[in-house]
Amino acid sequence: MEDADALFKYASDPEVGPHAGWPPHTSIEMSREVIRDIFTNEDTWAIELKSTGEAIGCMGYFTFGKSNIEIGENDCEVGYWVARPFWNKGICTEALSLMLDYCFEVKGFDIVWADHFIGNPASGRVMEKCGFEDTGRVNSCSALYGGDKDLVKIYKLTPEKWKTLKSL
């Protein structure tokens, strides 16, 4: 709950949430509810600015049955967002790399999946920098804000590809 003010500050930006599939926050209470009801679990983490410790975004993974897309029983789907003042600074790429280590090395997932709205190619570039491959598939995700009208591109990453990328 100590991150509620920072979450509201960044999640109320109308350019942030819709790109990630959720509506802009309209009140500090909404941010508190999101922290309590959505972010408080072992699969979701804050992205903190190294220099200050301020929460500037969030990332997490969804397992089989909770994912927005069709995935295997020992797979997961990752998602992330970062506040607009921190776009194009490598923060999402760094955070996603750390999450991928956790997903493959600790959780032992077979495949890690990700998707982004077609209108948000910057998110796809983050995925590609981390070794994800475009599957060529697109999907609607009615569970996401805007997902019933905007399609998502689907990417995947195998542990073998991740290990090869890390060894370079």
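Predicted model: local features only at pLDDT ≥ 70, side-chain atom pairs only at ≥ 80, totals over all residues.
## Salt bridges, a helix contact and an open sheet

K50 is exposed, because its relative accessible area of 70% is over the 50% cut-off. A search of the whole structure gives nine salt bridges, and six strands form an open sheet.

**Salt bridge between E94 and K50**

- E94 and K50 meet through their side chains in a salt bridge, with 2.7 Å from N to O.
- Side chains of opposite charge can pair when their charged atoms come close.

- The side chains of K166 and E105 form a salt bridge with an N to O distance of 3.0 Å.
- K166 is in helix α6 (residues 159–167) and E105 is in helix α4, so two distant parts of the chain, 61 residues apart, are linked.
- K166 is partly exposed at a relative accessible area of 41%, while E105 counts as exposed at 56%.
- E105 and K166 also belong to a network of salt bridges that includes D101.
- K161 and E133 have side chains that meet in another salt bridge, at 3.1 Å from N to O.
- This pair links helix α6, which holds K161, with strand β5 (residues 133–140), which holds E133; the two residues are 28 apart.
- K161 has a relative accessibility of 32% and counts as partly exposed, and E133, with 40%, also counts as partly exposed.

**Packing of helices α1 and α3**

- Helix α1 (residues 4–11) packs with helix α3 (residues 28–39) at an angle of about 110 degrees, and their axes are 8 Å apart.
- Angles of 65 to 115 degrees count as roughly perpendicular, so α1 is roughly perpendicular to α3.
- On the α1 side, the contact is made by A4, D5, L7 and F8.
- On the α3 side, I28, S31, R32, V34, I35 and F39 take part.
- Seven of the residues in this contact are nonpolar, one is polar and two are charged.

**The open sheet**

- What is the order of the strands in the open sheet? The order is β1-β2-β3-β4-β6-β5, and the pairing is mixed.
- β1 and β5 are the edge strands, since each of them pairs on one side only.
- From one strand to the next, the twist averages 30 degrees.
- β5 and strand β6 (residues 151–157) run antiparallel and are joined by five bridges.

**Residue L151**

- L151 is found in strand β6, where S140 stands opposite L151.
- Is L151 buried, partly exposed or exposed? L151 is partly exposed, with a relative accessible area of 38%.
- Which residues is L151 in contact with, leaving aside its neighbours within four places in sequence? They are H116, F117, I118, V138, N139 and S140.
- M99 is 52 residues from L151 along the chain, and the C-alpha atoms of the two are separated by 25 Å.

Notes
Residues numbered from 1 in each chain as written. Heavy atoms only, no water. Salt bridge = Lys/Arg side-chain N within 4 Å of Asp/Glu carboxyl O. Buried < 20%, exposed > 50% of the residue type's maximum accessible area, 1.4 Å probe, protein only. Helix = DSSP H or I, 4+ residues; strand = E, 2+ residues; numbered from the N terminus. Axes fitted to C-alpha atoms, helices over the stretch in contact; angles between N-to-C directions. Parallel < 35°, antiparallel > 145°, perpendicular 65-115°, else oblique. Contact = heavy atoms within 4.5 Å. Nonpolar A, V, L, I, M, F, W, Y, C, P; charged D, E, K, R; others polar. Pairing = 2+ DSSP bridges.
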